[in-house]
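Thank you for asking me to look through this model with you. The points below are meant for someone meeting the structure for the first time, and they can be followed with the sequence and the coordinates side by side.

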Amino acid sequence: MDQSIWDKVVAEIDAFQREIRDLRVSPQVTPAEIRAELQRRYDFREPVALETVVTDVMRYLREWNVQVTHPRYFGLFNPSVLPASIVADTLAALYNPQLATWSHAPAANELERRVLDHFSAALGFDPQAIKANFTTGGLEANLSAVICAITRAFPEALETGLAGLPGPSSRPAIYLTGEAHHSFIKIARMTGLGTQALREVPTGEDYRMDVAGLIRQVEADRSNGWTPLMIVGTAGTTGAGLIDPLPEIAAAAERSGAWFHVDAAWGGSAALSPRLKPLLAGIERADSVTWDAHKWLSVPMGAGMFFTRHPETAKAAFAITTTYMPKPADDETPELYATTVQWTRRAIGLKVFMALAELGAGGYAGLIERQAEMGDLIRARLQEKGWMVRNATRLPVVCFTHADIHEGRITTGQILERIYARGKVWISEVVLGGQERVLRACVTSYRTEAADVDCLIDELERVRQER
Ligand SMILES: *Cc1c(COP(=O)(O)O)cnc(C)c1O
């Protein structure tokens, strides 16, 4: 390949990171505009020089993209990516290691394992007693947890399916709150549990799980033929960054015999900060944990992680033998294709390894704590200007509203429309507790500075006062 193409890509990697601050955060484009351009330029009848394709794709992604790596993207849990992680994804594409079996990718398998051991210890687990693997994201990790819980509670279901469970007395139930992640709806469908198995537990005024309510509901359900399969505690809810009372849930799960899963897809990264880690107390009692690297660890999608204290259960759940896959290296080295959901497997963890190696544990803690501080600053600045904060968390997600919204002078939707049209910052909205629609600003970029927070507040004040 022509050297000039590589040079172009390297130049863009450099330029984009330098210029991101001055770009619009959100694009202004319609589906029709993009489709017309692509139909005009790419009918695939004649080959197009790679140099031209590269130039086009860079332009498309610069212009027609919500720039989630922008310092003023206060959006969903999509991070700015560290240079080490961009290099790592490039190298993973270059060597294309196949991690399904250890013997095909000894280096990549062990690099991932090194990171997972470090993170297992950060969660308070004994790395030797843990089964951990990278996943495409939080959904796959949550799915892995549900499959493991079914395997432990109903090993016969691996053969008979849930439909083959004896009698109506054993309908498996999963307990979670309305603030838990909606991936469980898909998982209930995919596993054949059905969405009726998702038993919604009440929350308190603070939108965290009401554990007394949980216990009452498990008991009531039992007398109606349900078996408590799993209780999900969320550590860092998607809407409001709240942490369910994990120690109390752990105790309730132990008493009821249910699998205790902690969905810490975003909030799990607090485990790397000595200052924030106490917020996750109780997570070490979980039977399994979901933690995404691609949410708060500043690496590209998709990189989730699944941890379980029950390696034998995971092995039973995903065990498979074939005549065509290579033999395992030894008895202690798990073959990923035979112990996890995925088969063919990319080197997902390489970007986490390289980022962690470059920053060191202290460097990572610093990035996370700085983003938490920016969240504190948003809360303080909003309140100074008369906005009302609706969620109580120390993690950097702020849910807020204003008297003008309450009293019907403007809607959250109108505020968002005006903010997106201006393109200087990006925030979202969420309904809390199934009741109040509020604005939501989350710090997900290690690039966000106090001046970016000022810009967010200025934008909010400006569009609120526009008539
Ligand atoms: C984002 C999120 C998920 C889903 O993770 P993906 O990586 O998007 O698949 C699950 N749970 C929580 C709490 C989340 O915030």
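A polar contact, as the term is used in this note, is a pair of N or O atoms within 3.5 Å; within protein, one of the two must be able to donate a hydrogen and the other to accept it, and residues adjacent in sequence count only if both atoms are side-chain atoms. Please keep in mind throughout that this is a predicted model.

1. Is His 70 buried or exposed? Its relative accessible area is 0%, so His 70 counts as buried. Leaving out residues up to four places away in sequence, the residues that His 70 touches are Ile 20, Arg 21, Leu 23, Arg 24, Val 25, Ser 80 and Ser 445.

2. Glu 12 is found in helix α1, which spans residues 3-19. With a relative accessible area of 18%, Glu 12 is classed as buried, because the limit for that class is under 20%. When residues up to four places away in sequence are not counted, Glu 12 touches Met 58 and Arg 62.

3. As a general background to the next part, nonpolar side chains in soluble globular proteins tend to be buried together. In this model the largest nonpolar core has 95 residues, and those with the most contacts inside it are Phe 119, Met 230, Val 289, Trp 291 and Phe 307. Which residues is Phe 119 in contact with, leaving aside its neighbours within four places in sequence? They are Leu 272, Trp 291, Leu 297, Met 305, Phe 307, Val 352 and Leu 356. There is also a second, separate core of 23 residues, which includes Met 374, Leu 382, Ile 415 and Leu 416.

4. Ser 269 sits in the loop between β5 (259-263) and β6 (288-292), and at 0% relative accessibility Ser 269 counts as buried. Although Ser 269 and Phe 119 are 150 residues apart in sequence, their C-alpha atoms are 9.2 Å apart in space. Once neighbours within four places in sequence are left aside, Ser 269 is in contact with Trp 291, Asp 292, Trp 296, Leu 297 and Ile 368.

5. The ligand deserves a careful look. Of the 13 residues around the ligand, those that come nearest are Gly 138, Asp 263, Asp 292, His 294 and Lys 295. A backbone N or O atom of Gly 138 lies 2.7 Å from an oxygen atom of the ligand, a backbone N or O atom of Leu 139 lies 2.9 Å from a ligand oxygen, and an N or O atom in the side chain of Asp 292 is 2.7 Å from an oxygen atom of the ligand. Taken alone, the ligand exposes 380 Å², of which the protein buries 84%.

6. Helices α6 (138-153) and α11 (293-296) each supply at least two residues of the shell around the ligand, and the largest share, three residues, comes from α6. By residue type, the shell divides into three nonpolar, seven polar and three charged residues.

7. A cis peptide bond joins Met 301 and Gly 302, with omega at about -15°, and Gly 302 is placed in the loop between α11 and β7 (304-308). Ser 298 is likewise found in the loop between α11 and β7; its phi is near 60°, a positive value in a residue other than glycine, and at 1% relative accessibility Ser 298 counts as buried. Phe 44, in the loop between α2 (31-41) and α3, has a positive phi of about 65° although it is not a glycine, and at 72% relative accessibility Phe 44 counts as exposed.

8. Finally, Pro 127 lies in the loop between α5 (106-123) and β1 (131-135) and is partly exposed, with a relative accessible area of 24%. Pro 127 touches Asp 117, Ser 120 and Ala 121, residues up to four places away in sequence not being counted.

Terms used:
Residues are numbered from 1 along each chain as its sequence is written. This is a predicted model: local features need pLDDT of at least 70, side-chain atom pairs count only at pLDDT 80 or more; totals for chains, interfaces and linings use all residues. Side-chain values use heavy atoms; hydrogens and water are left out. A nonpolar core is a set of buried Ala, Val, Leu, Ile, Met, Phe, Trp, Tyr and Cys residues joined through side-chain atoms within 4.5 Å. Buried means under 20% relative accessible area, exposed over 50%, partly exposed in between (1.4 Å probe, protein chains only). Contact means heavy atoms within 4.5 Å. A residue is near a molecule or strand if one of its heavy atoms lies within 4 Å of it. Accessible areas come from the Shrake-Rupley method with a 1.4 Å probe; for residues, only the protein chains shown count as cover. Helices (H or I, at least four residues) and strands (E, at least two) are DSSP runs, numbered from the N terminus. Ala, Val, Leu, Ile, Met, Phe, Trp, Tyr, Cys and Pro count as nonpolar, Asp, Glu, Lys and Arg as charged, and the others, Gly among them, as polar.
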